[in-house]
Amino acid sequence: MIVLKLGGSVLTNKNSSRAEINESNLSRLSCEISRFLDNNDEDLVIVHGVGSFGHPLAKEYEIGESFKDSEYLYKQIGFVRIENEVKKLNFLVCEELINEGIPVIAVPASTIFTASNKRISQANLDKFKQYLERGYVPIIYGDVVLDDELEMAVISGDQIIQYLAINLNADEVILGTDVDGVYNKNPKVYENAYLYERFSSLDDLDVFEDNINVDVTGGMVGKIRELLYLADFGINSIIVNANIENNVYKALKQEKVTGTIISKEELNEI
Ligand code: ADP
């Protein structure tokens, strides 16, 4: 089984405060996935990020922060507004994938997961398994979920891939994002950043820049943490640039592609 993640940076215009979809990327990637499925009968799960559809509202309503009892309804409205917004993006993604003949079916995280202090703590994966057994392609996305400790939390697509890859015994995990893979420091900030072909420890990041990365983009360090956790379980993953045509297709086909493999195995074992 393959878990494929399409990053919010690829499907949306992440820098915009308005919810904006990147239609050309979505239609190209839908074709690439469809082309792969035409000749392969592997099980596939798609996870997508939500970028500009989720992040601004999550920030505005401070979901995951503590709040007073009197603010409960306000927070609930924030929760459902975010849920509705990310669902809109998912609707558009599903529509495009279905038009390409892919039997995708949304299984929203808000309905199957509960978190405890922002980490998935309970899940009902029955629907995932049923749909997979019958040849559907379940699709899930970064979402809001009920949280036992914080009442509500935001769960990233990256946390979802980690959880699903372990609990559904994935053979392969592919992440499509907007850079070529993991660099020693943020390539969008530092021109002299270099790309790792293989990555096995956060120590490989430039420690000083690491802090900057967390503050400036949040993205990559959080991603790497989830993937290193998977690597501990022997599940390798690859990060590729999904803005480049055919990269996702090649990764699905297990063809050689520029990217970073996250693995803790010795090189000759891969
Ligand atoms: P996505 O929305 O695709 O999941 P994110 O925006 O969350 O992706 O994370 C990808 C971003 O992480 C890149 O655009 C890049 O600017 C940033 N980044 C920060 N540090 C690094 C690093 N060391 N290597 C690669 N990318 C990094």
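The charged end of Arg 35 sits over the ring of Tyr 249, 3.9 Å from its centre. Here a charge counts as over a ring if NZ of Lys or CZ of Arg is within 6 Å of the ring centre and within 35 degrees of the ring normal. Lys 185 does likewise with Tyr 190, its charged end 4.9 Å from the ring centre.

Before going on, note that this is a predicted model, where local features need pLDDT of at least 70, side-chain atom pairs count only at pLDDT 80 or more, and totals for chains, interfaces and linings use all residues. Residues are numbered from 1 along each chain as its sequence is written, and side-chain values use heavy atoms, leaving out hydrogens and water.

Now to the rings. Rings of Phe, Tyr and Trp (its six-membered ring) pair if their centres lie within 6.5 Å; planes under 30 degrees apart are stacked, over 60 edge-to-face and the rest tilted. The count comes to seven aromatic pairs, and two of them are shown here:

| Pair | Centres apart | Planes | Type |
|---|---|---|---|
| Tyr 61 and Tyr 74 | 4.8 Å | 35 degrees | tilted |
| Phe 113 and Tyr 163 | 5.4 Å | 75 degrees | edge-to-face |

Phe 113 and Tyr 163 are 50 residues apart in the chain. Buried means under 20% relative accessible area, exposed over 50% and partly exposed in between (1.4 Å probe, protein chains only). Phe 113 is buried at 2%, and Tyr 163 is buried at 18%. Tyr 61 is buried at 6%, whereas Tyr 74 is partly exposed at 42%. Elsewhere, ring pairs join Tyr 194, Tyr 196 and Phe 199 into a cluster.

Technical notes
Helices (H or I, at least four residues) and strands (E, at least two) are DSSP runs, numbered from the N terminus.
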